[in-house]
Amino acid sequence: MSNTTQKPPGNDVRLSKKLSWLLRHGLKKEGFQIQPDGFIKVDELLKHPHYCRDYSLTTLQRLVEQDAKQRYTLRKNPLQGYWEIRANQGHSLEEIEADQCLQLLPSAQEVPMAVHGTYYRHWNSIKSGGLKRFQRNHIHFATSDCCSNNVSGFRSDCQILIYLNVDKVFREGKLQLYRSDNNVILCSGLEDGSIPPTYFLKVVDRKTGRNLEF
């Protein structure tokens, strides 16, 4: 489905945030059957006591259509024909398998740029311990350092841009990079869930363009 830049009404913003939390983090807590690729059946969502009053298939179609960040995929199951929905990225659910819902990238040529946006309040921690995925399954990177070129990947008000050394990532082979359906580059990090600063290509103050030491 195509997206639109039209700003959704306030109630749709609330419904989208509620849906985003559910599909990224809350499915297990709410008792849904989670497929390895992250999809759940729309029928189950529409029958759930916490969601049946807020959502219909028409509502879901509208939310997906209007979502500027393309957070969701809503489709008919290719084999069974029932409607199903998932979040394209941002999961914290261990039941969702990266190889089932993301495209594994085979070479650096597939990733001309991978850039992570952050804030000065996090910079000292990142310098010492690297980027961390914390409770999420992956660390997120945009494919452009121009916010208007990105559907998703970093917030528009971020202060610092961290560029991933993609050539080193593929040369050493210790990290795997994936691409989501909404063109976000994802990496689960090393075993401890981090990407050390040794994998940074450069770090830039977004406002001034000044290179930061790390």
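In this predicted model, four strands are arranged as an open sheet, in the order 4-9-10-7, with antiparallel pairing. The edges of this sheet are formed by strand 4 (103-104) and strand 7 (139-141), each of which pairs on one side only. Within the sheet, strand 9 (residues 178-179) and strand 10 (residues 185-187) run antiparallel and are joined by two bridges. Tyr178 is positioned opposite Leu186 of strand 10.

The sheet belongs to a protein chain that contains six helices and twelve strands.

The packing of the chain was examined next. Of the 214 residues in the protein chain, 47% are buried. When contacts between residues at least 6 apart in sequence are considered, 70% of them join residues at least 24 apart.

The surface and the charged side chains complete the description. The accessible surface of the protein chain amounts to about 11700 Å², and carbon and sulfur atoms account for 46% of this area. The side chains of the protein include 30 that are positive and 23 that are negative. The centres of these two sets lie 6 Å apart.

Conventions: Residues numbered from 1 in each chain as written. Predicted model: local features only at pLDDT ≥ 70, side-chain atom pairs only at ≥ 80, totals over all residues. Heavy atoms only, no water. Buried < 20%, exposed > 50% of the residue type's maximum accessible area, 1.4 Å probe, protein only. Contact = heavy atoms within 4.5 Å. Areas by Shrake-Rupley, 256 points an atom, 1.4 Å probe, with all protein chains shown as cover. Lys, Arg positive; Asp, Glu negative; His and termini not counted. Charge placed at Lys NZ, Arg CZ, Asp CG, Glu CD. Pairing = 2+ DSSP bridges.
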